[in-house]
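Hello,

The structure we spoke about is below. My notes on what was found follow it.

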Amino acid sequence: MLLIYCPYCEEERSELEFRNGGDAHIARPTNMAEISDEEFEAYFFLRDNPKGVIFERWRHIHGCGRFFNAARDTVSDRFIATYRAGEPKPVLDAEPKTPATVETYEALEGAAQ
Amino acid sequence: MADQAMATRKAPLEGLRGGSPAATVTPAVPASRIALRAPAESVSALSAALGVTLPVRPKTSASTAKRHALWLGPDEWLVIDEDGADLMAAAASSNALHSATDVSHRNTAVIVSGSGAEVAINSGCPQDLSLAIFPVGACSRTIFGKAEIILFRTAEDSFRVECWRSFSSFVFGLLSEGAIDAGH
Ligand SMILES: [Zn+2]
């Protein structure tokens with residue numbers, strides 16, 4: 001079971017208590033009525049979907065109810081850091097630390113030959 | 001003149017008994033409850049008006065006699081009065097900014113007691129219920145199977161499990177199964 005540290009409850013809880021809220025730090029344009037369709041599309045729909053570190057919103061929906069942000073490695077599912085809503089992105093190491101022993105889909109499929 | 005219709009209270013788990021020698025599972029007596037939201041500046045006035053100090057640390061509660069204030073989130077509490085007192089009126093008398101919703105009839109509660117109480121609840125709840133991590137007085141909103149619950153440890157071997165009325169037969173049934181498993 002994946003454990004996620006809630007910065008409001010100040011402890012690790014089961015993933016079953018949480019819900020993903022999509023990409024974090026997406027700034028809503030302040031001139032919404034003036035931007036082009038392409039600019040709106042970029043703001044509203046287009047996401048990077050990185051392989052590696054992603055910054056996401058999460059909600060502790062079956063706990064304190066709060067939204068917070070998390071830096072997560074999409075390869076290993078490892079949570080690198082969680083922080084309260086409104087706080088800036090934390091400074092992380094340049095390279096995501098994905099341990100060689102982690103059970104990724106690719107690794108498991110490779111071993112199942 | 002038409003006969004006057006009188007509403008009678010129908011408790012959702014009335015008469016049910018469950019569990020095992022390791023853990024008994026029984027419906028709690030009816031209580032009044034409010035879902036309370038308030039900013040930090042209102043906490044002391046609300047605490048004075050309710051007669052119980054609203055806790056501000058995660059997973060903690062405070063009790064005065066039969067009244068309990070459970071921390072749910074940074075500005076959210078569940079206040080329970082086992083004597084059924086008017087908590088809405090008490091909160092309103094604080095004259096402090098807050099939002100209170102009477103959820104006395106939305107919620108019901110199940111009491112799980114005995115040496116196997118932790119095991120019975122852990123049959124459907126992922127939280128660490130060991131005494132060091134979830135001591136007497138600890139409380140948390142969490143999940144039990146597919147239902148959201150609020151868990152409140154009232155003694156080393158006793159928990160109050162608050163759940164929505166419509167989920168109560170599911171919660172009671174799964175707790176009873178867990179209590180039977182706890183005896184093995
Ligand atoms: Zn939380």
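F134(B) and F159(B) are both buried (under 20% relative accessible area with a 1.4 Å probe, protein chains only; over 50% is exposed, and in between is partly exposed). This is a predicted model: local features need pLDDT of at least 70, side-chain atom pairs count only at pLDDT 80 or more, and totals for chains, interfaces and linings use all residues. Residues are numbered from 1 along each chain as its sequence is written, chains are lettered from A and ligands numbered from 1 in the order in which they are written, and side-chain values use heavy atoms, with hydrogens and water left out.

The rings of F44(A) and F45(A) are edge-to-face, because their planes are at 85°, with centres 5.1 Å apart. F44(A) is partly exposed at 45% relative accessibility, while F45(A) is exposed at 55%. F134(B) and F159(B) form a tilted pair, with centres 6.4 Å apart and planes at 40°. F40(A), Y43(A), F44(A) and F45(A) make up one aromatic cluster.

Interface: 15 residues of chain A are in contact with 18 of chain B (heavy atoms within 4.5 Å). There are 4 salt bridges between chain A and chain B (a side-chain nitrogen of Lys or Arg within 4 Å of a carboxyl oxygen of Asp or Glu). R66(A) and D75(B) are joined by a salt bridge, at 3.1 Å from N to O.

Regards

How values were computed
Phe/Tyr/Trp six-rings, centres within 6.5 Å; stacked < 30°, edge-to-face > 60°.
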